[in-house]
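Hello,

Here is the structure I promised to pass on, with my notes below it.

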Amino acid sequence: MDNADQDVTVEDDEPAVVQLTGITKRFPGVVANRDVHLDARRGEVHAVVGENGAGKSTLMKILYGMYQPDEGTITVDGELVRFHTPKDAIDLGIGMVHQHFMLADNLTVLENIVLGAEPRRGIRLDYAAARRQIRELSDRYGLGLHPDRLVEELSVAARQRVEIAKVLFRGARVLILDEPTAVLVPQEVDALFSNLVQLRTAGLSVIFISHKLDEVLQVADRITVIRRGSTVATVEPGTTTSRQLAELMVGSELPTPQTAESTVTDHVELAVTDVTITSDDGPDLLRDISFDVRRGEIVGFAGVEGNGQSELVEAIMGLRSLDAGRVVLGADDVTQWSAHRRRVSGVGFIPEDRHRQALLLDAPLWENRLLGWHSQEPAGGRFWINPKSARAEAAQIMTDYDVRAPGPETLAAALSGGNQQKFVIGREMSTQLRVLVAAHPTRGIDVGAQAAVWDRLREARAAGLATVLISADLDELLGLSDTLYVLFGGRIVAKLDPADVTPEILGSYMTGATPAEAGPADDPGELA
Amino acid sequence: MTRLLGWWRRMAPTLVALGVALVITALFILIIGENPLRALAALFDFGETSVAQANSIGVWINRAAPLFLAGLAVSIGFRMGLFNIGVEGQYRIATVVAAGVGAALVLPAPLHVLVIVVAAMAAGAVYAAIPAVLKVTRGVSEVISTIMLNSIAIALAAWMVRVPFVDPDLGPGENVATRRIAESGQFPGLNELFGVIGLEEPRRPVHGFVVVAIVVGIVMAIVLSRSRFGFELRATGLNPFAATANGISSKAMIIKAMLVSGALAGLVGLPDLLGSAHRFQADSFVSGYGFTGIAVALLGRNKPVGIALAALLFAFLDRAGPSLQSEGIPPAAVIIMQGIVVLSVLVVDEVARRGMLRREERRARAQDPATVTEEVAR
């Protein structure tokens, strides 16, 4: 790898705090990392970019001591080290901020930060010392922490800062941030980046994992690109464009979700009216939600996760009972219908978490073909199922939707995320559908599969399908939707035309702020 | 050929587990200072004379049939992750009710037996419905409620024998029992069949109900693999969230699975009741099939054929208890061996499952080299 040589040349004046050389990690049947080179210097933000499944997470787990590499070396401050557990890494000043926060909601910020590394006086937790140290940290890096607030009261961004403080509190000099922006809205991303700049100025090293190229170019000092488990290049943001980076990442052309001319008809296929779901403790989960989806229309829902998206999906699919409101499918009021009856009436479902909700991982593909449609002829039936016909249908889906697997007998667990998702989409779409509810249809799958999924959604739209699309990927929402709603706190706070809205305006609505200049939007072309 | 290979792959872990269990039991016997080889010989000792051998086979069959039915009953719940620990109580209640109903009626032979069978299944299902309803409406863990209901079943059965179904003609000093079921309600034995195939006829009745058990097993095998109910059961067991999201109501499945499980449990006491006891009497009632059935279902991997083999194995070991004792080896060795078999099967199974997943991944990767499944790290 050429970047290894490049590192050698600069090593004299700027020694790497951490250096990974020739790392290879194999899992049974899979090489997750192959000959990976990566180094982080003092006072830099080093971004690691790559597609989902490219091996970023495995690499970080190796650096953090969760996995041991099969080949290659790790050096810290020039010393060769071996990490057996994350504790070894922490002891040498390497800390990780996980994508999914590991905080106890019912403890205070202070308690969460010191948990496991408590300053003590005698056998008691020394709150005064802890509070002082946390204040210091917070001031030095601009984290804005309130040590005595409960974590459950904090916003997502504030929780993330608590996670960062947790790592710093343990004396980390190298921070690994695993997809830190995935859960943030644009304004929060900016705030995070200014925190990162402060960390860098203080001489810490930040390893920043992402697949969002614009962010990486904005904040990183150097960028290492991983493709299929190997580092392909380390570049400087000043001399690289986002398109070049993307090509390094995927090795081919970029797909863009671009809906052709409108296919929306006047025929309302799904009407949701005044739907409300209350909660036993706290505010309503959904409040007075009303919208129509017409044939040939894709209605998108934007929102920070946890603002009612899951509940909305469950309300439409009949998985949750409503406290008020109606769901009408075509001419039928289906509010009281069971989930099963709605499915067989032609409502397809691509759930947000395919492992949890869409697949029987330990079952063969043909059984997965039946799931949800097991009472439909010819593969299913009122009393009996027909494995032979289910196998044939599964094979058909595999051909039509480019699901790469040995055959219908393959266990669903053996497929990659992209192939699993293509199979799920194939399963839903190969039935005569009237309405499709798609939640995060391209989450966690690679760019190639993403393009295929978008194509399918567009084809179905052209064929007259009414689609409800829920996504956290703004490009996807803006590119596919005919109408865009924003959910915040369980309410629809905006109805937007995706043709003239920017991520900034969307972001404002998503955080609950009404945009100051709600007037004409900027050029939407800057999305790319 | 591939089918044979697949069958071998599924069987191999069990055979390994059996070998491991055998070795550990042998160690145990060594530790208590006896000769494991003599124990092994005693295991396969069916007796000197041909009558004794026929008797041994009879005992084996009589023991295997209820174990098979109990294992089947437990497996229905297991398939969807529902732990019906209450087969024990369900079959006790069902047997009392069957004995009471059977003695109260006199009908033409096949009809009489049919009525008794239906009564037993209904009683088992009703008793199993209690934990099901509790779970669906109040969220009560079926493990707790079925265990509790086992205790209640003992008292309830004792009351039923004493009050509604009691035999009024009991002599003084006789243990309380239900009235005897008339000849028309008894199930013919298999003893004569032994003669037909050239063996001696066993002295004790060999329960003909084993034939019904086999038929039930075949029906269940078809239902589980080919019916919508079987698919829904499997789907719910594999991934309850996905099942719910795809329109399979988990509440309905809990009720259905418990009812079927209870109905099958109702059959467990019938080989004995219809074949030789012909009345229910608390002292001579064979208890414990419900608990052993859990082990049988585990060993049989919740598949009817596997459960049949597991029941045969357990019954075979049980049958060897007395001959081990005559060799000076405590019959508890049998129970230890049964326990070790189940444990080693569970361990070896998990290892085999991971191996299979890896194989599948490799095959999938051969199709698409980009395949990096999210499961690999396990």
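**An arginine inside chain B**

Let me begin with Arg92(B), which sits in helix H4 of chain B, the helix that covers residues 87-104. Please keep in mind throughout that this is a predicted model. Arg92(B) is buried, and yet it has no salt bridge. The nearest side chain of opposite charge belongs to Glu88(B), and it is 5.0 Å away. What does Arg92(B) contact, leaving aside its neighbours within four places in sequence? The partners are Ala153(B), Ile154(B), Ala157(B), Phe280(B), Phe285(B) and Ser287(B).

**Where the two chains meet**

The size of an interface is often given as the accessible area lost when the parts come together. For chain B and chain A that area is about 3800 Å², with 61% of it on carbon and sulfur atoms. In chain B, the residues that lose the most area to chain A are Arg228(B), Phe231(B) and Asn246(B), which together make up 20% of what that side buries. As for residue numbers, 48 residues of chain A and 41 residues of chain B take part in the contact.

How many salt bridges cross this interface? The rule finds one. A salt bridge links Glu367(A) with Arg234(B), and their closest N and O atoms are 2.7 Å apart. Between chain B and chain A there are also eleven residue pairs in polar contact, counting pairs with both residues at pLDDT 80 or more.

On the side of chain B that touches chain A, four helices of chain B each supply at least two residues: H8 (209-226), H9 (228-238), H10 (240-245) and H16 (332-367). H16(B) gives the most, with eleven residues. Sorted by class, this side of chain B has 18 nonpolar, 14 charged and nine polar residues.

Over all chains the count comes to 36 salt bridges.

Asp91(A) and Lys87(A) meet in a salt bridge, at 3.3 Å from N to O. These two are four residues apart in helix H3 (residues 86-91) of chain A, so about one helical turn separates them. Asp91(A) counts as exposed, at 53% relative accessibility, and Lys87(A) counts as exposed too, at 52%.

Asp105(A) forms a salt bridge with Arg159(A), where the closest N and O atoms are 3.4 Å apart. Asp105(A) lies in the loop between strand E6 (94-97) and helix H4 (109-114) of chain A, while Arg159(A) is in helix H6 (residues 156-169) of chain A, so the pair ties together parts that are 54 residues apart in sequence. Asp105(A) is partly exposed, with a relative accessible area of 35%, whereas Arg159(A) is buried, at 19%.

Helix H6 of chain A also holds Lys166(A) and Glu163(A), three residues apart, or about one turn of the helix. Their salt bridge has its closest N and O atoms 3.9 Å apart. Are these two residues buried or exposed? Both Lys166(A) and Glu163(A) are buried.

There is a network to look at as well: salt bridges link Asp39(A), Arg41(A), Glu44(A) and Arg222(A).

**On either side of helix H17 in chain A**

Ala472(A) lies in the loop between strand E20 (466-470) and helix H17 (474-480) of chain A. With 39% relative accessibility, Ala472(A) counts as partly exposed. The C-alpha atoms of Ala472(A) and Val183(A) are 8.8 Å from each other, although the two residues are 289 residues apart along the chain.

Asp482(A) is found in the loop between H17 and strand E21 (483-488) of chain A. At 19% relative accessibility, Asp482(A) counts as buried. Its side chain is joined to that of Arg461(A) by a polar contact of 2.7 Å. Neighbours within four places in sequence aside, Asp482(A) is in contact with Val264(A), Gly296(A), Glu297(A), Ile298(A), Arg461(A) and Pro498(A).

Happy browsing, and best wishes

Key:
Residues numbered from 1 in each chain as written. Chains lettered and ligands numbered in written order. Predicted model: local features only at pLDDT ≥ 70, side-chain atom pairs only at ≥ 80, totals over all residues. Heavy atoms only, no water. Contact = heavy atoms within 4.5 Å. Buried area = accessible area lost by both parts, 1.4 Å probe. Salt bridge = Lys/Arg side-chain N within 4 Å of Asp/Glu carboxyl O. Polar contact = N/O pair within 3.5 Å; in protein donor to acceptor, adjacent residues only side chain to side chain. Nonpolar A, V, L, I, M, F, W, Y, C, P; charged D, E, K, R; others polar. Buried < 20%, exposed > 50% of the residue type's maximum accessible area, 1.4 Å probe, protein only. Lys, Arg positive; Asp, Glu negative; His and termini not counted.
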